[in-house]
Structures are given as structure tokens and as C-alpha cells.
Amino acid sequence: MEAALSGQKSLRLPYVDILLPNDRYERDRLNLHHEIIKQAFGRILFPPIRLGGNDRVLDCGTGSGAWVTNVANNVPPTVHLYGIDIDPFSFPERHPPNAHFLVQSTLDMPAEWSNTFTLANQRMLVSAFSQKDWHRSAQETFRVLKPGGYVQLLELDARLHQVLALGPRSRRLEEVANAIWHERGMLTDPASVLPDVLTECGFENVVIETRDVPVNRRSGAMGALHLYNISQAYREMGEAIVRAGGYGIVSSLREFTDLVVAAREEWAENEAAVATFVMVYGRKPLLTLESG
Ligand SMILES: C[S@@+](CC[C@H](N)C(=O)[O-])C[C@H]1O[C@@H](n2cnc3c(N)ncnc32)[C@H](O)[C@@H]1O
């Protein structure tokens, strides 16, 4: 049996105040979100590889570990998966023995992890990363992948703006969300820059795949679930927004929650409420300056 990798001895992050709190509501939402993505794309592994032997797989910002657990159940037990997160709250209590969960930042992984993983997954970090973090995480992922290994990234694209343009309450919600996003130097549309970020970091054969997913009740069960998923994610941003003073748009958590509920009603019966997931994958070249 392989010796499991270990993460950092202690985590010393300068300031961690992520927008979405790690609580049981967020953990349940992440598990739902995993099922939505799985249904939308019909799969959760994108690059042209078959995992086997002693392959090691990394999931950056694993949250509830839904992706790790799902993959671990479907690969040979010799393949070991590592879900890392700066907050262990949502780590699953029960998981297959080849799944491991470590408290570890994806922006600063251990030196001894260089050239270790066959595949690295990273999903929905839009609410956590500043602009420079996207580059840093891609560089770190490049370093810890084996030559020939793949990274796969998945985020929502800017068409969410079209959902938020569907009525006055939605536009107000977008205004307040953008205010905190900009204050923290975060990208509102990481999906549009991810292919370039990967290429700049040295990845090759970059492939993009998109899926439209309804965010309304008129488009079947998937639409209703995604309506809940997106509106719940906004709801969870409320505490951070109110802590920041409400940006002259809301003055209490109650007011913010009412705004999210009102915005949701503008999407709920509107078939134009559709959001797009973007998946981007790329390969670390077989020969790099570092390894070759
Ligand atoms: C929205 S959740 C996404 C969870 C998971 N990737 C998924 O798709 O279900 C974002 C997660 O990233 C974690 N996170 C934020 N910054 C991080 C960092 N620098 N390193 C590792 N994890 C981080 C948060 O704690 C949170 O669990």
C-alpha cells in the first residue's frame, strides 16, 4: 500500500475570508452542484486518459469532496486521490480508502509534491480567488503534475450576467455582488481567461467544452435544481456583503436575503434564464525545462 502524501504541518494564510462560508448548507449545495455538473456534461473526467496503476489524482479546493469520492469509487483501488482545501469543515466523514483529504492551500503546495499527479481537478474557485491567485494556482498545478499529466478546470461563464439582467431585482443583486467581487480583486468571469492562463503557464493541447444549464422552473427538474443552486450560492454571500457594509445597496442580512429571493423569482418562470458551465483542460508537456 502506498504511503499517503501529507500536506502542510500548519496553515498560515495571511487572511482568509472567502465569500461562501463552509457550513452545512454550503456542503449540501456542493453535493447538489456536483450532480448538476455530472448530468450536464455526462461525465466528470474530461482529458483523454485512463486512470490506473499507481496514478495519483489531486482535487484543488475540494469542498465536500464530492468529485474525489465519485472518482475514487470508479477507478482501481491502487489509484489514490487527494482532495485539498484550506478549510476541512466539509470533508466527507466516510469515503473510499483510496480517497484522502488534506488541509492544504492550492496556492502553495509542498515542494515534495512536484511531478507527482497524473490529473488535477479544480472546480468553482470563482468565489475564492483574486485575479493573481488564478495564475498562481495554475503555476502550482503545473509544478505538481507529472510531465504528460492533465489539469481540468470548471467554472460558470459570463452568461450568468444574462440571468442577472432579467429584471430590476436581479440587476441590483449583480450590482452588490460585483461590488464585493471588485473590492477583493476577483474575476467575475474566470472562464473567459482560463484557457490563456493555462497556456501562459506552459500547458498545451488546451480544450474547452461548454454546457448550458437552465436556471428556471420551466425547463424541467434540472432547471429547478440549478435555480436553487445559484440562488443559494448568492444567499450564502450575504454575511460577507453585510460585514463589508452593504455597498450602499443593502443594510442588513434580511434585506440582502429578500433581494436574492426577489431576484430568483425573476428567473424562476423565465426560459431565458440559462447559465453556462465552461470546462477547460490542458496537458503538461512531456518534456519541460523543469523535467527534461
Ligand atoms: C465553491 S467551493 C467548490 C468546492 C468543489 N471544488 C466543488 O466543485 O464542489 C470552493 C472551495 O475552495 C476552497 N478554497 C478557497 N481557497 C482555497 C485555497 N487557496 N486552497 C484550497 N482550497 C481553497 C474553499 O474552502 C471551498 O471549500
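How much of the chain over residues 57-149 is helix and how much is strand, and how far apart are the end C-alpha atoms? In this model, which is predicted, that stretch is 23% helix and 29% strand, and its end C-alpha atoms lie 10 Å apart.

Let me turn to the ligand. There are 24 residues around the ligand, and the closest of them are G61, G63, T106, R123 and A128. Two elements, α1 (24-41) and β2 (80-85), each give two or more residues to this shell, and the largest share, three residues, comes from α1. If we sort the shell by class, we find 11 nonpolar residues, 10 polar residues and three charged residues.

The other feature I would like to show you is a pair of helices, α3, which spans residues 131-144, and α6, which spans residues 190-200; they pack at an angle of about 40°, and their axes are 10 Å apart. Because angles of 35 to 65 degrees fall between the roughly parallel and the roughly perpendicular ranges, α3 counts as oblique to α6. As for handedness, α3 passes α6 in a right-handed crossing.

Which residues of α3 and α6 make the contact? On the α3 side they are W134, H135 and A138, and on the α6 side they are P190, V197 and L198. By class, this contact of α3 with α6 has five nonpolar residues and one polar residue, with no charged residues.

Note on methods
Residues numbered from 1 in each chain as written. Predicted model: local features only at pLDDT ≥ 70, side-chain atom pairs only at ≥ 80, totals over all residues. Near = placed C-beta within 6 Å. Helix = DSSP H or I, 4+ residues; strand = E, 2+ residues; numbered from the N terminus. Nonpolar A, V, L, I, M, F, W, Y, C, P; charged D, E, K, R; others polar. Axes fitted to C-alpha atoms, helices over the stretch in contact; angles between N-to-C directions. Parallel < 35°, antiparallel > 145°, perpendicular 65-115°, else oblique. Left-handed = near helix turned anticlockwise from the far one by under 90°. Contact = placed C-beta atoms within 7 Å.
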